[in-house]
Amino acid sequence: MFRIGDFSRLTQVTVKALRHYDALGLLKPAEIDPGSGYRYYSVDQLPRLNRLLALKDLGFSLEQIGQLLDAELSSDQLRQMLELRQSEVHAQIADEQMRLARIKARLEQIERGTASDGYDVVLKRIEEQPVASLRDTLPSRHAIVGLFRELFLVQREHGWTYWSPTVLWHDAEFQDEEVDAEATIGTVDLIPAGGRVVGRVLPPVESMACVVHKGPPATASLACETLLNWIDANGYELAGPERGVLLQRGTPDGQGWVMEMQYPVTMTAIGL
């Protein structure tokens, strides 16, 4: 029998780790002296500890390791778990390769002097959102103001609570006239049927390239240009209608406006 310090030196596992494994029930001491509280381990426990360390090295969580240590797994079951872990590692490697590509693209932008100060692109998942929606064909993009004005008149009439006014541009390519636009506000209130304003759910987006623009909406073109350059440089392509989310309403003279420009993206065949 070995005291915990001696067992630690023998196995090259820290006392702190052994105590942690004990607390989780992964490797209990073979014996605890009731008087002194000293923990003792036996040579017979080395195979279990070595298997624990081997599974930890493969990237399994301690919770998963506990299940593997205590379960009587067949060779097929163990192989399935290892194949699943292999797939997870492949996905992690792919994510890191994509991150490296984004770093490289950012460095190249700096070298070319094309990096836009103040604009940092973030790739994130956007959850689905219930909204009150008003969609119409507009004579120009600037006419979106009138669409939101109509939407908020209905909102005030019914007293809906709301958040995140968002515009969606549905045209497959940029249009300066006959623009297919949608004004929305997030709300969980009941939208009555039969009017121009309808209730719907904006679908979730797995990969949304986003950038925050500070300034009036009319000056957001540089933010959009930054996003489009980033999408192209990082091997993505557009995968749905672009969105503009109002985070903070400003003053009529253009002060205090904050928006987030959002572009749904997917990897191109070349980028995969």
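Visitor: Okay, what volume does the largest pocket have?
Guide: About 1,100 Å³. Keep in mind that this is a predicted model.

Visitor: Which residues are closest to the centre of that pocket?
Guide: R141, I144, V167, W169 and P217, out of the 38 residues that line the largest pocket.

Visitor: Where does the largest share come from?
Guide: From α6, with five residues in the lining of the largest pocket.

Visitor: How does the lining split by class?
Guide: You get 23 nonpolar residues, eight charged and seven polar.

Visitor: Switching topic. At what angle do α3 and α4 pack?
Guide: About 140 degrees, and the axes are 10 Å apart. Here α3 covers residues 46-57 and α4 covers residues 62-70.

Visitor: So why call them oblique rather than roughly antiparallel?
Guide: Because roughly antiparallel needs an angle over 145 degrees, and theirs is about 140 degrees, α3 and α4 count as oblique to each other.

Visitor: Left-handed or right-handed crossing?
Guide: Right-handed, as α3 passes α4.

Visitor: Which residues make the contact?
Guide: On the α3 side, R48, R51, L52, L55 and K56. On the α4 side, L62, I65, L68, L69 and D70.

Conventions. Residues numbered from 1 in each chain as written. Predicted model: local features only at pLDDT ≥ 70, side-chain atom pairs only at ≥ 80, totals over all residues. Heavy atoms only, no water. 1 Å grid on protein atoms, 1.4 Å probe; cavity = no way out; pocket = protein on both sides within 12 Å on 5 of 7 lines; lining within 4 Å. Points joined across faces, edges and corners; volume = space filled by probe spheres on them. Helix = DSSP H or I, 4+ residues; strand = E, 2+ residues; numbered from the N terminus. Nonpolar A, V, L, I, M, F, W, Y, C, P; charged D, E, K, R; others polar. Axes fitted to C-alpha atoms, helices over the stretch in contact; angles between N-to-C directions. Parallel < 35°, antiparallel > 145°, perpendicular 65-115°, else oblique. Left-handed = near helix turned anticlockwise from the far one by under 90°. Contact = heavy atoms within 4.5 Å.
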